[in-house]
Amino acid sequence: MIYPVQNLTGAVSIPLVDATAYPTVQAALNANAGGCVYLPPGAYTEQLVIPHRTMLRGAGRSSIIKAPDGSTGPAITNALHSNFCGVFDLAIDGNKVNQTNANAGLVFDNSWTYDSAMRPT
């Protein structure tokens, strides 16, 4: 499934790639770095690192990223020194009950994150 996405100026059209075409959501993000990955409704248990200039867009509360049991970090974070990353329209479950460390669901650190860099057309 490909959906058109444009930046704020409307000058660039970027494909929105369906994450289910890959074995993991992280594999979809890595293969489409610099683009936008769509997360269909469902629960996905994994830790994600959002690459530089990459967006992850869900289908609302029905798209859930859940931190795995015993995680040592957040459910979603950004790659080191990455800019223009975004996470939109999804739920994040830090799975606090099954963690041994104090983790957060979402941590974007050491970056300039602009949540409106891309909007659906």
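Start with the whole chain and its contacts (heavy atoms within 4.5 Å). Among contacts between residues at least 6 apart in sequence, 56% join residues at least 24 apart. This is a predicted model: local features need pLDDT of at least 70, side-chain atom pairs count only at pLDDT 80 or more, and totals for chains, interfaces and linings use all residues. Residues are numbered from 1 along each chain as its sequence is written, and side-chain values use heavy atoms, with hydrogens and water left out.

**Stop 1: the elements.** Switch to a cartoon view. The protein chain has one helix and 12 strands. These are DSSP runs, numbered from the N terminus: helices are H or I with at least four residues, strands are E with at least two. From the N terminus on, the order is β-β-α-β-β-β-β-β-β-β-β-β-β.

**Stop 2: a sheet.** Select β5, β8 and β11. They form an open sheet of three strands in the order β5-β8-β11, with parallel pairing. Two strands pair if DSSP finds at least two bridges between them. The edge strands, β5 and β11 (106–107), each pair on one side only. Strand β8 covers residues 76–78 and pairs with β5 over three bridges. Click V49: its bridge partner in β8 is T77.

**Stop 3: the largest nonpolar core.** A nonpolar core is a set of buried Ala, Val, Leu, Ile, Met, Phe, Trp, Tyr and Cys residues joined through side-chain atoms within 4.5 Å. Buried means under 20% relative accessible area, exposed over 50%, and partly exposed in between (1.4 Å probe, protein chains only). Select V25, L29, L39, L48, L56, I65 and I76. Of the 16 residues in this core, they touch the most other members. α1 (25–31), β3 (36–39) and β5 (48–50) each supply at least two residues. α1 gives the most, with three.

Now zoom in on V25. Not counting residues up to four places away in sequence, V25 touches L39, Y44, E46, L48 and L56.

**Stop 4: a second core.** Select C36, Y38, M55 and F88. They belong to a separate core of five residues.

**Stop 5: the salt bridge.** Which residue forms a salt bridge with R57? Select D89: the closest N and O atoms are 2.9 Å apart. A salt bridge is a side-chain nitrogen of Lys or Arg within 4 Å of a carboxyl oxygen of Asp or Glu. By this rule the count comes to one. R57 lies in strand β6 (residues 55–58) and D89 in the loop between β9 (86–88) and β10 (91–93), so the pair ties together parts 32 residues apart in sequence. R57 counts as buried, at 11% relative accessibility. D89 counts as partly exposed, at 43%.
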